[in-house]
Amino acid sequence: MYGAPRRTPAPLFDTPMHGTPRFQGPYDPSAEDAFVRGGHPVHEETARPAAPFVPGPRREAPPRPVVEETDESGTEAGPDAGGGNARRTGGLGRAFTGVAAAAITTVLAVVVAGQVAERESGGAAQSRAADRPTDRAGAENPASRSDDRPTRTPTAPAPPPSYEELMARQFPIDPKLHGPGRFDAVPGFDKAPGKGRKIRYRIDVEQGLGLDGALFAQAVQKTLNDPRSWAGRGEMTFERISSGDPDFVITLASPGTTGDWCRKSGLDTTVDNVSCDSASTERVMINAFRWAQGSETFGPAAMHAYRQMLINHEVGHRLGHNHVSCRTPGALAPVMQQQTKSLDIDGVRCRPNPWVHPGS
């Protein structure tokens with residue numbers, strides 16, 4: 001044992017590993033003629049052939065930045081600088097430095113690319129949002145986008161026509177209409193507004209006329225109690241009822257039915273299609289054709305005034321007044337003149353007038 005010749009120990013690893021130092025046992029400083037493999041001294045007599053290299057799947061490594069190494073004095077370390085240990089330390093350091101730099105470069109590239117993409121997507125979204133209208137809270141208001149729905153200008157509903165507007169209109173009716181002769185009382189109650197003798201009346205409208213009975217009743221009450229009418233001097237006041245016993249009944253009827261009731265009092269209204277006070281009955285007959293269409297003497301522009309004249313004239317007969325003709329040319333015709341037929345009586349032409357006391 002002690003006198004046995006010295007043998008070189010077998011290597012710990014038979015096959016050199018790529019990039020890994022190969023341990024060969026104690027270092028022999030006398031082996032100056034050893035060659036270097038992979039940066040490590042290997043004895044010639046113990047070197048063994050390496051196992052064949054089998055390449056694995058190839059992976060693309062990120063580009064490595066060129067790192068210029070310098071020694072402590074600032075001078076570049078070339079291939080001749082230093083011995084084997086210096087070359088080993090420099091090669092391994094450059095490898096680690098390159099890998100670290102490549103990793104940092106890759107991370108920075110990913111972060112920068114993500115930030116750029118985020119800015120671009122955010123900028124595009126902000127640009128699109130800036131083109132869209134928003135509400136006060138900053139949220140997009142989809143109801144105001146013109147490309148989603150057509151723009152409509154809201155229109156307020158038209159107000160119903162006023163009393164004056166309705167009284168100025170003409171209404172369609174057949175001048176030869178003959179209704180069924182059945183009547184309906186207009187419901188409601190209009191209190192007498194003035195002083196003097198109270199006269200109560202009821203409003204009846206023949207069925208099937210197609211005319212507004214409420215408008216007719218409103219017109220009668222307003223006209224009879226106007227200061228220019230029969231109640232203007234305070235001698236009487238008119239009150240509308242729909243039940244009970246009236247003093248008379250103002251009746252809106254077709255031309256045929258008006259003729260039937262006027263004949264009961266010996267009057268013929270068919271010649272000029274006019275109205276009458278059927279004195280032998282309770283009814284003051286208002287011809288619906290005249291109420292709806294007026295007369296040539298007043299014309300269509302004065303429908304309101306003609307209807308006032310028609311009411312005052314026929315109720316005047318019920319109050320006991322007879323026909324009166326105009327005596328002064330160009331003056332207002334008396335309300336008891338037959339203004340539906342003519343404004344020119346015995347060569348004296350007067351102007352149309354709906355009132356009992358036109359100057360009041």
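I am working with a predicted model, in which local features need pLDDT of at least 70, side-chain atom pairs count only at pLDDT 80 or more, and totals for chains, interfaces and linings use all residues. Residues are numbered from 1 along each chain as its sequence is written, and side-chain values use heavy atoms, with hydrogens and water left out.

**Entry: overview.** I take helices (H or I, at least four residues) and strands (E, at least two) as DSSP runs, numbered from the N terminus. On that basis I get 6 helices and 10 strands for the protein chain. Of its 360 residues, 32% count as buried. For contacts, I use heavy atoms within 4.5 Å. Among contacts in the chain with a separation of 6 or more, 61% come from residues 24 or more positions apart.

**Entry: helix 4.** Which residues of helix 4 are buried? I find Pro255, Gly256, Thr257, Thr258, Gly259, Trp261 and Cys262. That is 7 of the 9 residues in this helix, which spans 255-263. Looking for what covers them, I note strand 3 (183-185), strand 4, strand 6, strand 7 (276-277), strand 8 and helix 5 (288-293) among the elements included.

**Entry: strand 6.** I moved on to strand 6, residues 248-253, where 6 of 6 residues are buried. In a regular strand the side chains alternate between the two faces of the sheet. Here I see Phe248, Ile250 and Leu252 pointing one way, with Val249, Thr251 and Ala253 pointing the other.

Which strands pair with strand 6? I call two strands paired if DSSP finds at least two bridges between them. Strand 4 (residues 197-206) pairs with strand 6 in the parallel sense over 5 bridges, and strand 8 (residues 283-287) also pairs with strand 6 in the parallel sense over 5 bridges.

**Entry: helix 3 against helix 6.** Helix 3 (residues 213-224) and helix 6 (residues 303-318) pack at about 70 degrees, and their axes are 10 Å apart. I therefore log helix 3 as roughly perpendicular to helix 6, a label that covers 65 to 115 degrees (under 35 is roughly parallel, over 145 roughly antiparallel, the rest oblique). From helix 3, Ala219, Val220, Thr223 and Leu224 make the contact, and from helix 6, Gln308, Ile311, Asn312 and Val315. By class I find 5 nonpolar, 3 polar and no charged residues there. My nonpolar class is Ala, Val, Leu, Ile, Met, Phe, Trp, Tyr, Cys and Pro; Asp, Glu, Lys and Arg count as charged, and the others, Gly among them, as polar.

**Entry: loops.** I place Asn273 in the loop between helix 4 and strand 7. Is Asn273 buried or exposed? Its relative accessibility is 14%, so I count Asn273 as buried.

Asp346, not a glycine either, has a positive phi of about 55 degrees. Asp346 lies in the loop between strand 9 (344-345) and strand 10 (348-349), and Asp346 is exposed at 71% relative accessible area.

How values were computed. Buried < 20%, exposed > 50% of the residue type's maximum accessible area, 1.4 Å probe, protein only. Axes fitted to C-alpha atoms, helices over the stretch in contact; angles between N-to-C directions.
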